[in-house]
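Please look over the sequence and the model shown here. A short report on selected features follows the display.

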Amino acid sequence: MMINGRQVEVEQGITIMEAAKQCGIYIPSLCHHPDQSVKANCRICSVELGGSRNLVTACSTKVQEGMEIQTNTARVRETVRTILELIFADHPQDCLTCIRNGNCELRKLAARFGISDIKGEKVLEDMPLDRSTASLVRNPNKCIKCGRCAEVCHRIQQVGILYTHNRSIDVCISPEYGKELTDVDCVLCGQCAISCPVGAIHEKDDTDLVWRAIADSRQHVIVQIAPAVRVSVAEEYDLPAGSISTGKMIAAARSLGFDRVFDTNFAADLTIMEEGNELLGRIQKGGVLPMLTSCSPGWINYIEKYYPELLAHVSSCKSPQQMFGAIAKTYYSQITGIPAENITVVSIMPCTAKKHEAARPEMNASGYRDVDIVLTTREFARMLKHDGIDFTLLDDSDFDSPLGCSTGAAAIFGASGGVMEAALRTVYEVVTGETLEKLEFTDLRGMEGMKTASLKLGTENVKVAIVHGLAQAKKVMEMIKAGQAEYTFIEVMCCPGGCIGGGGQPYGTNHEVKQKRMGSLYQIDRHLPIRKSHENPDIKELYDKFLGQPLGGKSHQLLHTKYGG
Ligand code: HC1
C-alpha cells in the first residue's frame, strides 16, 4: 500500500491509524484512546483514499492491499480544521485559566492546525459545574463528547455511572438524569479524568491549600509520597515513561518548602505487619475468608456501594496513606515534641479516590485528621512548574527519618500483585520460621486481569488471587457470593495495573506506559538492601517504642477501621 506517496509494507488487519504510526506518521484524534475500543466519534482522524477520493476515519478503517492513503492533502487539512472550529464554537475559550492549560489535547490540535479564528456562531451554554465530591470536578461546558470517559466507566471499570444522552447536537455525557457524582454510585477512581482529552472532568485542585499550609509559620508541614509516584512524575517533564526519579522527586518536594519529606512506603511496610498478622489470625481462628485487601480507596468505595454484604471479607487495616497520617499525628508528634494540631500531613498520590479517603470522618483516631491534604501526581507537578522548578536538573535527595525508611516489599505496592507479594514475603517467614530464599513471586506479576498462585505455608496450602480494575473485581465478588472463590487471600486494586495506572497519574497513561512503570517498581525492589517489611528497622523501632505489637491495642485504635460503618 501507499501512504503519502510512499510504498510501505504493513501487517494485514490493522487500522490505517496503526499503519501510519508504524510508518512514523501521526494521525490526530480526540476520541481515540489506545486502551479503548474504536469509536470514530470525532472524525479528526479523517484521511483521503486515492482513487475514490473518499474521506474515511483512520481509527476505524482497516488497511487493504493496494490502498493509497493521503493524510496531508488540502482536503484533509480543511476537513480537520472545520471539525476543530465546530468543536471550538461549542467550547469555552478560557484556555489560559483552564486546568488543562499546557496539556489539553484540543488546544494542541488547534496549534497544530493553525486555528487562529473561531468562525461560526458560538453555541455555548452555561451549565453548572459538579463540585459535589472531594475528588473530582466535572465541567460539562468543556465536554467535547468524545466518549472516552463513558467508555472507561462502562467497559473497563464496569461501574457505568457516566452515560451518553441524546443525539446529534444535543448529545451530552453525564450521570443519569443530570445528577451530581455524589448522588450516583461513583467510586471516584478518576479513570474518567485521566481519559479526558480536555478539562471536562479533572481532579479537585487542592494545591492552594498546600501553598497556604507551607506559608503558615505555625504549621509543621510534612509530605508523604506514594510508591507509584516515583516512577511516573518524571513523565511530566517529558522524561521516558517509567523513569525512576525517587531522588529528584524528594528534592523537588523539599524545594517546594515542605518541612520534612517522608515515604508512604514506610507505612506500606507497617500495613504488611498489620495485614499479614490479621490474615494469620483469620486462618488460625477460623475468621472470614477469603480476606480482601483494603488499601485501594476506589475499591473500598466500590465494595461499600455494590457488595456491602461482603464487607466482612475486607481487612480492617487502614491504607498506608491513612496509617502514615495516624502515626505522624501521634508517634512523630511525640518524638519531635510538635503538637499534632500543628502538624499538617500532605500526601502525594497517583489516585483521586485518596482525596475522598482522607476526608472520611472516621479517619481521625488520633483526635485529628490522619491526612489533611491529598494531591495527585498531576497537582504535584503543577506546583513544581508554578514554582519554576526544573525537575530534570535537581540533585538527588533522600527521605527524612524516621518515617522515610522502607523496603523493596513496600516499593512494589504500586503495581498490581505487589501488596500480595509483599505480604507473602512476611507471612511465609513468620509462619515457617524459615528464610524465604526466592523473594520474587513471578506468578503474581504482570498486567493479566486475574492472577493466582498457591503456596505452602507450614502445613497449610494457601491459594491467593490478584485482580485489578473493577471489571475484574466484580468477577471475583460474584465468585465469592457463589461460594466458588477457593482463595485465602485476594488483592484487589481499583485501577487497571494498580496505582501505577491511578486516575491522578500524568496524562498519556496507557497500557504500554503502565508496563514500563511496573517494571521500574520491580527494579527498585531488586536494588534495595532490605526487601521484607518485617526487617525494616524503623518499623521494628516503631513497635518497640510505641505500638507494642501488631494488632495490639494501640494498633487497633490508630491503624484499623471499620469499612461500610
Ligand atoms: Fe497506592 Fe497504597 S499502593 S493504594 O496504589 O497501598 O494511591 O502508589 O499510596 O495508601 O503504599 C495509591 C500507590 C498508595 C496506599 C501504598
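The report below goes from domains to a sheet, a ligand shell, a helix and some backbone details.

**Domains**

This is a predicted model. The chain is divided into three parts: domain 1 covers 1-123, domain 2 covers 125-203 and domain 3 covers 208-559. Between domain 1 and domain 3, the C-alpha centres lie 40 Å apart.

In general, strands of a sheet pair through backbone hydrogen bonds, either parallel or antiparallel. Which sense joins strand 12 to strand 17? The two pair in the parallel sense, over 2 bridges. Strand 17 spans residues 489-493. Met291 stands opposite Phe489 of strand 17.

**Around the ligand**

How many residues surround the ligand? There are 19. The closest are Ala226, Ala228, Cys295, Cys351 and Cys499. By class, the shell has 11 nonpolar, 7 polar and 1 charged residues.

**Helix 12**

Helix 12 runs over residues 377-386. Of its 10 residues, 8 are buried, so the helix is largely enclosed by the rest of the structure. The buried residues are Thr377, Arg378, Glu379, Phe380, Ala381, Arg382, Met383 and Leu384.

What do these buried residues pack against? Their partners include three strands: strand 9 (201-203), strand 13 (343-349) and strand 14 (373-376). Helix 6 (207-215) and helix 7 (246-256) are partners too. Just after helix 12 comes Gly388, with a positive phi of about 70°.

**Backbone details in loops**

The bond that joins Leu289 and Pro290 is cis, with omega about -5°. Pro290 sits in the loop between helix 8 and strand 12. Pro402 lies in the loop between helix 12 and helix 13 (408-411).

Tyr177 has one, near 50°. Leu188 has another, of about 65°. Tyr177 is in the loop between strand 8 (172-174) and helix 5 (191-195). Leu188 is placed between strand 8 and helix 5 too, in the loop.

Is each of these two residues buried or exposed? Tyr177 is exposed, because it has 9 other C-beta atoms within 10 Å, and exposed here means 12 or fewer. Leu188 is buried, because it has 28 such atoms within 10 Å, and the cut-off for buried is 20 or more.

The table sets the two residues side by side.

| Residue | Phi | Other C-beta atoms within 10 Å | Class |
|---|---|---|---|
| Tyr177 | near 50° | 9 | exposed |
| Leu188 | about 65° | 28 | buried |

Notes. Residues numbered from 1 in each chain as written. Predicted model: local features only at pLDDT ≥ 70, side-chain atom pairs only at ≥ 80, totals over all residues. Pairing = 2+ DSSP bridges. Helix = DSSP H or I, 4+ residues; strand = E, 2+ residues; numbered from the N terminus. Domains from an automatic or database assignment. Near = placed C-beta within 6 Å. Nonpolar A, V, L, I, M, F, W, Y, C, P; charged D, E, K, R; others polar. Contact = placed C-beta atoms within 7 Å.
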